[in-house]
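Subject: Structure handover

Hello,

Here is the structure for you to look through. Please open it beside this email and follow along.

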Amino acid sequence: MTDLAIDVRGVSKSYDQHVAVRELSLQVPRGMVYGLLGPNGAGKTTTIRMLLDIIAPDTGTISLLGRPHGDRTVLDKVGYLPEERGLYKKMKVREVLRFLGALKGLSQGDADRRIDAWLERLQLKSEAKDWSTAKVDELSRGMQQKVQFTATLLHDPELVILDEPFSGLDPINAQAMKDTVVALREAGRTVIFSTHIMDNAERLCDAVCIVSRGEKVLDGRVADVKAAAGTRAVTVTFDTTPEGAVLAVLRDPALVAQLDVQGRKVELETAPGADASRLLAALVGAGAHLESFSRVQPSLHRIFLERVGATGVEAGMTGHG
Amino acid sequence: MGKLLAVIRREYLERVRTKWFLIATLFGPLFFLAISLLPIWLASRDEGTREAGNVVVIDATGNGLAARLVEALGDSAGGRPEIVTVAADRIAAAESSATAAVRAKRRVGYLVLDSATLAGERARYAGRNAQTLTDMQRLGRAIDRAVLAARLEGTGIAPARLDSLTSIDVRLQRDELTETGRTKGGGSRNLAGFFVAFLLYMILAIFGQNILRSVIEEKSTRVAEVVVASVKPDTLLLGKVLGVGAVALTQVLVWGVSALVIGSRVVPLLAPQGRGGAAAARGGAPGAGDVLAGVSFEPGVLVALLLFFVLGFVFFAACYAAVGAMVNSEQEAQQASLPVTMMLVASAVFMQPILLSPNGGMARTLSFVPFTAPVVMPLRLAATSVPAWEIAVSLACVAAGCVAALWFAARIYRVGLLMYGKRPTVAELARWIRHA
């Protein structure tokens with residue numbers, strides 16, 4: 001048994017003239033939470049659909065849980081939450097879950113027991129109200145998402161693939177989703193999810209892969225990625241939002257290569273050749289009142305912006321979440 | 001295999017559990033009987049309301065042909081004609097006043113009898129009901145009888161005997177002779193053929209649309225992606241076709257069994273005079289009893305009917321499913337499904353001409369076309385006797401069509417199910433089929 005949950009080697013996929021994924025390779029060890037990061041249109045969903053054998057790659061090989069593609073029985077051990085959620089609207093909740101469970105090889109008895117447990121846990125079934133007998137379109141959007149989530153995990157999959165799991169979730173459900181990802185890792189499951197929300201990725205992931213325009217930009221353990229991104233990152237907190245002479249120092253290309261002013265807090269990267277102490281001296285010389293000045297490891301957000309660059313990011317996509 | 005069964009099970013149960021299924025199963029036969037027999041029944045009732053008699057007869061023959069005509073027409077022709085006897089050179093004036101009477105709606109038309117009529121050549125009619133087939137046939141027959149009576153009288157036959165000599169109404173009783181034997185009542189068998197073919201056509205159309213909608217639903221609710229992450233799109237397609245097919249089959253079997261029960265228990269009570277030929281001989285409209293009497297098939301024919309039904313269903317279901325995968329909404333589907341609907345409608349369009357000659361060249365040709373055979377062949381099987389080899393070849397053609405339809409549909413389905421946005425052009429479809 002291999003220790004890789006996902007092994008993708010040299011995979012490419014084109015549609016007509018457009019290359020969706022180019023020569024992508026990534027390895028996800030078992031028991032890991034893995035983030036697939038990239039702006040919209042980077043090829044994340046195409047990659048995930050290829051993982052699930054929904055679409056076939058033009059070139060390259062993919063194996064899941066040590067089994068090469070073509071062996072569809074392995075999909076019984078995979079749970080999938082697509083970005084666009086949807087269920088049969090006219091079916092009763094229990095019927096939908098039984099059906100999706102049966103497609104993963106669950107017997108009806110097993111399915112029913114697990115459905116009850118999940119619905120109780122997600123507060124969809126109680127003494128007062130049992131939603132399992134309601135039709136899907138009688139449920140609120142949030143409840144439908146819970147049902148969909150149940151369908152993803154009902155058969156206790158070894159590998160869980162989530163496409164943009166946080167999109168469209170309210171803060172409470174988003175937190176529940178994060179808790180679930182953590183719980184899955186504790187239970188020894190492998191989780192891979194795509195997102196463009198770097199905060200979530202940074203908090204949850206053991207390793208990440210950043211893709212842009214269908215190509216891998218970088219991948220590795222989060223700690224390694226951050227260390228490799230260098231030590232030129234500096235975070236400065238002023239007592240007021242910097243302006244005038246202070247701002248001029250921050251914008252001096254001889255001192256600062258990259259600048260991200262977030263109000264009083266500023267994340268920056270020193271220019272090659274300049275070091276942090278020179279910058280500190282210049283700031284103080286310009287009359288800045290500092291609350292803190294520290295050399296830091298860059299956030300995934302910074303690394304993402306730096307490596308993917310403005311060109312790879314579509315308008316309105318800042319990566320904040 | 002278990003997963004295919006799960007898909008079939010869902011498709012089947014989700015449909016059978018609806019109120020609509022119950023209503024359609026209970027009242028479907030009544031509905032089909034009504035829409036297939038109502039026109040015939042109405043047409044037969046129409047005889048009593050026609051207006052053949054409500055005319056002006058302009059008689060320029062000089063020997064009272066009009067009076068014989070009125071007699072031949074009888075009382076049931078919707079009023080007694082008004083006779084205007086004129087000299088041959090006054091016809092034009094009489095026509096003018098008759099035209100005025102028609103315009104004033106006192107009469108529906110006028111008939112001109114002259115020496116050419118007596119010679120057995122022609123008569124002229126003008127009126128608002130000139131297009132009403134039954135009226136014109138009735139007038140025509142009455143004129144023939146009147147002329148015949150006039151000629152007979154000319155040969156010296158006593159006027160008192162004329163009526164019995166000229167009132168001829170022979171009904172032709174048709175028995176069909178085949179290799180295997182003789183069947184009575186060809187007319188009601190025609191009706192049975194029409195009934196079976198029409199039923200098949202309706203089922204294919206209704207359930208085809210049903211499959212189309214269900215694919216669009218899976219696509220638009222995006223549930224398709226969850227499903228194809230567990231089973232192959234081909235499995236989903238096959239399960240859908242088989243599941244919905246099982247629903248249609250259930251319905252047909254319920255109808256078939258109830259028709260048999262009604263046929264054997266209820267019809268004899270309703271029609272104690274006998275079946276088929278008896279009703280036809282009475283000259284009345286064929287009733288439900290006649291139709292059911294016609295629908296008494298040999299087991300071999302029943303099996304063939306069932307096969308045509310199943311194969312035809314698979315063919316059209318696959319086509320409609322492929323259309324569903326191509327489009328994003330039901331509005332788009334209306335346009336995109338046109339080619340498939342045309343294939344289906346083609347068989348309905350030819351029903352009438354095929355019934356006129358169920359073993360003719362057109363009927364036989366269409367029995368070998370995969371998309372018309374599923375309706376045309378059952379029509380012929382019910383209406384007449386078809387050689388076994390033709391049935392076999394026809395089945396083979398439909399089966400080959402089925403395989404091709406499934407193959408194309410599976411490829412379109414595989415790609416289309418996850419494609420959103422613009423509808424594919426024909427060139428793009430061809431690419432889907434090549435690359436899927």
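Is A:Val181 buried or exposed? Please bear in mind that this is a predicted model. A:Val181 is buried, because 22 other C-beta atoms lie within 10 Å, and 20 or more count as buried. The residue sits in helix α5 of chain A, which covers residues 171–186. Leaving aside residues up to four places away in sequence, A:Val181 touches A:Val33, A:Val191 and A:Leu204. From A:Val181 to A:Ile115 is 66 residues in sequence and 19 Å in space, C-alpha to C-alpha.

Chain A as a whole

Chain A has 321 residues, and 44% of them are buried. Its C-alpha trace spans about 75 × 50 × 35 Å along the principal axes. Ten helices and 14 strands make up its list of elements. Take the contacts in chain A with a separation of 6 or more. Of these, 69% join residues 24 or more positions apart.

How confident is the predictor? The mean pLDDT of chain A is 87. A value of 70 or more is reached by 95% of its residues. Residues 312–321 of chain A are another matter: pLDDT stays under 50 there. For that stretch the model has 19 contacts beyond four places in sequence.

Start with helix α3 of chain A, residues 108–121. Its 14 residues should span 20 Å at 1.5 Å a residue. The end C-alpha atoms are 20 Å apart, which agrees.

Which residues of α3(A) are buried? They are A:Ala111, A:Ile115, A:Trp118 and A:Leu119. Seen down the axis of α3(A), the buried residues fall within an arc of 95°, so they line one face of the helix. They pack against α2 (93–103) and α4 (141–153) of chain A. On the other side of α3(A), A:Gly109, A:Arg113 and A:Arg121 are exposed. After the helix comes A:Gln123, with a positive phi near 60°.

Now go to helix α1 of chain A, residues 44–51. Eight of its eight residues are buried, so this helix is largely enclosed by the rest of the structure. The buried set includes A:Lys44 and A:Arg49, along with A:Ile48, A:Met50 and A:Leu51. The run of A:Thr45, A:Thr46 and A:Thr47 is buried as well. A:Asp53 follows α1(A) and has a positive phi near 65°.

The sheets

What is the strand order in the open sheet of four strands? In chain A the order is β2-β1-β4-β5, with antiparallel pairing. The edges are β2 (18–29) and β5 (67–68) of chain A. Each has a single partner strand, so one side of each is left without a neighbour in the sheet.

Walk across this sheet one pair at a time. Strand β1 of chain A, residues 4–15, pairs with β2(A) over eight bridges, in the antiparallel sense. Look for A:Ile6, whose bridge partner in β2(A) is A:Val28. The hairpin of β1(A) and β2(A) has two residues between the strands. In that hairpin, A:Asp16 takes a positive phi near 50°. Further along, strand β4 of chain A (residues 59–64) meets β5(A) in an antiparallel pair with two bridges. Here A:Ser63 stands opposite A:Pro68 in β5(A).

Next, find strand β11 of chain A, residues 233–238. Five bridges tie β11(A) to strand β13 (residues 265–270) of chain A, and the pair is antiparallel. A:Ala233 faces A:Glu269 in β13(A) as its opposite residue. β11(A) also has five bridges to strand β14 (residues 290–295) of chain A, again antiparallel. In that pairing, A:Phe238 stands opposite A:Leu290 in β14(A).

Where the chains meet

How many residues does each chain give to the contact? Chain A gives 19 residues and chain B gives 16. On the side of chain B that touches chain A, α1 (2–16) and α9 (223–228) of chain B are the elements giving two or more residues. By class, that side of chain B has eight nonpolar, three polar and five charged residues.

Best wishes

Conventions:
Residues are numbered from 1 along each chain as its sequence is written. Chains are lettered from A and ligands numbered from 1 in the order in which they are written. This is a predicted model: local features need pLDDT of at least 70, side-chain atom pairs count only at pLDDT 80 or more; totals for chains, interfaces and linings use all residues. pLDDT is the predictor's confidence in each residue, from 0 to 100. Two residues are in contact if their C-beta atoms, placed from the backbone, lie within 7 Å. Ala, Val, Leu, Ile, Met, Phe, Trp, Tyr, Cys and Pro count as nonpolar, Asp, Glu, Lys and Arg as charged, and the others, Gly among them, as polar. Two strands pair if DSSP finds at least two bridges between them. A residue is buried if 20 or more other C-beta atoms lie within 10 Å of its own, exposed if 12 or fewer, and partly exposed in between; C-beta atoms are placed from the backbone. The expected span of a helix is 1.5 Å times one less than its number of residues. The arc is that of the directions from the helix axis to the C-beta atoms.
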